[in-house]
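Let's take a walk through a protein model together.

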Amino acid sequence: MPCPCCQGVLELFDRRRRSQILESGEKQWLLIRRLHCVDCNKIHHELPDVLVPYKRHEASSIEQVTKNRESSSVSADESTLNRWRSWFAWWAPYACGCLEALRQRFPLCVEASSCPAQSALGSAGGWLARAVRPIVNAHLYITTRSAWMSTKIGGRFMPDSLL
Ligand SMILES: [Zn+2]
């Protein structure tokens, strides 16, 4: 797998434990690999399909809640569900802009149907994780918390807060 930024060579940097909350409310531990690009010096997290950066719940739960305004089978309190909905209302237009820009730069990396606002209206499941991945890979993922921590690697500071 080449570096998503420069196509350079990636080597294993370390592994981090990361928890996620399943639809049922159960907690599950995942081991996330961090990869270092020897060419551009960036650190990349290997993001599993089930995760959205900064979110503790699995992507399919968030997807379900943002899609169905009234009912969902997700075990989370009402304030969490409302937070996801307002996050998504803010994030979806930004994500569409990113995906459109990426599609123009790298036509093969972004699926034609991965615009979350369009997909939310009724396409196959998994669209949230599909939309998140190319944005994260291009280092364009931003958060309302804007809490970008940095890791110092070889004298340069790199964003390192996707988990
Ligand atoms: Zn690179």
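First, a bit of housekeeping: residues are numbered from 1 along each chain as its sequence is written. What you see is a predicted model, where local features need pLDDT of at least 70, side-chain atom pairs count only at pLDDT 80 or more, and totals for chains, interfaces and linings use all residues.

That pLDDT is the predictor's confidence in each residue, from 0 to 100. The protein averages 77, and 74% of the residues score at least 70. Confidence is highest in strand E1 (residues 10-21), with a mean of 92, and lowest in strand E4 (residues 150-153), with a mean of 36. Over residues 145-163, pLDDT stays under 50. Where pLDDT is low, the predicted coordinates should not be read in detail.

Now for the overall plan. There are four helices and five strands, and along the sequence they follow the pattern β-β-β-α-α-α-α-β-β. Both kinds of element are DSSP runs numbered from the N terminus: helices are H or I with at least four residues, strands are E with at least two.

Find the sheet next. Three strands form an open, antiparallel sheet in the order E1-E2-E3. E1 and strand E3 (43-45) are its edges, each pairing on one side only. Strands count as paired if DSSP finds at least two bridges between them; E1 and strand E2 (residues 27-37) have eleven. Along the way, serine 19 stands opposite tryptophan 29 in E2.

On to helix H1 (residues 59-67). Is it enclosed or open? Seven of its nine residues are buried, so H1 is largely enclosed by the rest of the structure. Buried means that 20 or more other C-beta atoms, placed from the backbone, lie within 10 Å of the residue's own. Among the buried residues of H1 are Ala59, Ile62 and Val65. Their cover includes helix H2 (78-105) and helix H4 (127-137).

Those two covering helices also meet each other. The axes of H2 and H4 come within 10 Å and cross at roughly 65°; axes are lines fitted to C-alpha atoms over the stretch in contact, with angles running from 0 to 180 degrees between N-to-C directions. Here Ala95, Cys98, Leu99 and Leu102 in H2 meet Ala131, Pro134 and Ile135 in H4, a contact meaning C-beta atoms, placed from the backbone, within 7 Å.

Note on methods
Two residues are in contact if their C-beta atoms, placed from the backbone, lie within 7 Å. A residue is buried if 20 or more other C-beta atoms lie within 10 Å of its own, exposed if 12 or fewer, and partly exposed in between; C-beta atoms are placed from the backbone.
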